[in-house]
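Hi everyone, thanks for coming.

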Amino acid sequence: MSSAPDLPVVAVIGGGFTGTAFALHLTASSAGKVRIVVFEPRDRLGAGLAYSTTDAAHRINVPAGRMSVYPDDPESFLRYLATTDEHVTDAQLIGRDGQPYPRRLVFGDYVAAEIAPLLSSGTVEHRQADVVSIRRSGQDWLVTDSTGGQLRAQFVVLAASHPSPALLRPLLPFKNHPKLVSDVTIPAALEAIAPDDRVLILGNGLTAADVVASLEKRGHRGIIQSVSRRGLRSRGHAPVVQEPFGDFTSQPAKTASALLRHIRRSIDDARAYGLTWHAVLDAVRGQAFAIWRALPVVERRRIVRLARPFWDAHRFRIAPQVEDALDRAIATERLTLRAASLKQVVQQGDGFAVTLAGRGVSGTETLDFDAIVVTTGPAHNHILQSQPFLRQLAEDGHISACETGLGIACDLDAQALDGRGAPVDTLFIAGPLARGTFGELMGLPQVTEHAVFVAGKVAQATDAAHAPSPDTARHQNANPHSRRLAV
């Protein structure tokens, strides 16, 4: 076998779940014929933002039996869970549906355990640093990190996380206020909120639900108002396991409205079989790639602009334990969900006077709050400005924003599209940032499958790019001591 310096180098930018899953599967696909270097500032690979939280209220959103880094081995995480003491130490491990929903940190532990042997053997290298620059250097890429280190790579895979939520304009003057929590992923972000504080949560999705559950666990007693434009709350899981119901690919919809009508008809049909809407949405999720590809770009944009909040509320379901926390807060009138938009925020003592405009009603209402928590979701429109290396790649013309506004543009081989729309054959997009092309890349099973897909594409590319030329092959056959790759 060639020594490590002779191997083509694949630089993976981001060592959360996506980047780690990609590295695992590239190792299997390439049979040790590549050098894999993962850039991740955290001290371990696999957890990322989602699975590094230490908050005990933060749980995986689907049963453990559906969480795995291996699509063909769905019970991998369940087996790992059985080796831990979570069944003893976590009194809320089992949801009311009888399924385990462990703390997210435990899933992060599992992914870290899967990659650990590859790190120990040197098959995968972890550079514990942020990437600050990625520039072309001849046919290669020169990756510079925050420690000043540089790596020359033949292939780069962008597996970065979503950008943080963007502050709404009325909140900008208060961006340094101690009671404005603009990023709940920061450790101890909620510590500034006192038990009796009146809290405004901007957003009603999964993150907002986590905030309510976290505040309850911290002993918070004050009132909470959770506000979004449509007032939709995250939904829970079906009462019993159901198979996906509905065919959305035989005659795929060509418009957003036709797709919506098809979904509604399928929900009505499902009721006749004793099924809930969950089964239909699961079918849509499973067939999402074909559905998405059949829609013209203008219709995809309509879905993102108009239907995405409804999709997110039904698709991204909360664990039963978190749903119970929401229900308790609503039943005791500690939590109110509202459909409204933020109009104005002014200083009121140590807190805020917030003016809201209710959806479908005239006039505004001004309320006093002691703290504001922002959970409006990733600022997808700002992805190319969210990190220095992405901004620089865009300025150099190597990447562009997805035309749907959901991430970074790429083709069906996951190759990044440059500023002219042409594929960059050595630069790949893995995970949720490729959502605009592939349709559904937010749930972990889909992210895992995409990691396998991209790993296969990169393995093919490394084989093709670094296979010996006919002349080199003849020379190597004549001289067995010459085994260096033609690069």
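I'll go through a sheet, a pair of hairpins, a cavity, a pocket and a helix.

Some housekeeping before that. This is a predicted model, where local features need pLDDT of at least 70 and side-chain atom pairs count only at pLDDT 80 or more, while totals for chains, interfaces and linings use all residues. Residues are numbered from 1 along each chain as its sequence is written, and side-chain values use heavy atoms, with hydrogens and water left out.

Let's start with the sheet. Two strands pair if DSSP finds at least two bridges between them. With that in hand, you can trace an open sheet of six strands in the order β3-β2-β1-β7-β16-β15, and its pairing is mixed. At the edges sit β3 (124-127) and β15 (415-417), each of which pairs on one side only. On average, neighbouring strands here are turned by 35° against each other, direction ignored; the axes behind that angle are lines fitted to C-alpha atoms, for helices over the stretch in contact, and angles run from 0 to 180 degrees between N-to-C directions.

Now zoom in on β1, residues 9-13. How many of its residues are buried? Five of the five, so β1 is largely enclosed by the rest of the structure. Buried here means under 20% relative accessible area, with exposed being over 50% and partly exposed in between, using a 1.4 Å probe and protein chains only. Val9, Ala11 and Ile13 point one way, and Val10 and Val12 point the other way.

Who are the partners of β1? One is β2 (residues 35-39), paired in the parallel sense over five bridges, with Val10 opposite Ile36. To get from β1 to β2 the chain passes through helix α1 (residues 17-30), and this β-α-β crossover is right-handed. In other words, with the strands pointing away from the viewer, the path from the first strand over the helix to the second runs clockwise. Strand β7 (residues 155-158) also runs parallel to β1, joined by four bridges. There, Val10 has Phe155 as its bridge partner, and Ala11 has Val156.

Next, the hairpins. Strand β5 (residues 140-145) takes part in both, and five of its six residues are buried. Six bridges join β5 to β4 (residues 131-137), running antiparallel, and Ser137 stands opposite Asp140. This hairpin has two residues between its strands, and Gly138 in the turn has a positive phi of about 65°. Leu142 has Arg152 as its bridge partner in β6. Four residues lie between these strands, and Gly148 takes a positive phi near 90°.

We work on a 1 Å grid over the protein atoms alone: a cavity is a set of points where a 1.4 Å probe fits but cannot get out, a pocket is an open set with protein on both sides within 12 Å along at least five of seven lines, and lining residues have an atom within 4 Å of a point. Points are joined across faces, edges and corners, and a volume is the space filled by probe spheres set on them.

Helix α5 gives the largest share, three residues. By class, we have seven nonpolar, four polar and one charged; Ala, Val, Leu, Ile, Met, Phe, Trp, Tyr, Cys and Pro count as nonpolar, Asp, Glu, Lys and Arg as charged, and the others, Gly among them, as polar.

The second largest pocket has about 750 Å³ of space. Of its 27 lining residues, Leu260, Ile263, Ile303, Ala307 and Trp311 lie nearest the centre. The lining divides into 19 nonpolar, three polar and five charged residues. Which element contributes the largest share? That is α9, with nine residues.

Helix α7 (277-286) also gives two or more residues to this lining. Nine of its 10 residues are buried, so α7 is largely enclosed by the rest of the structure. The buried ones include Trp277, His278, Asp282 and Arg285.

That's my tour, so over to you!
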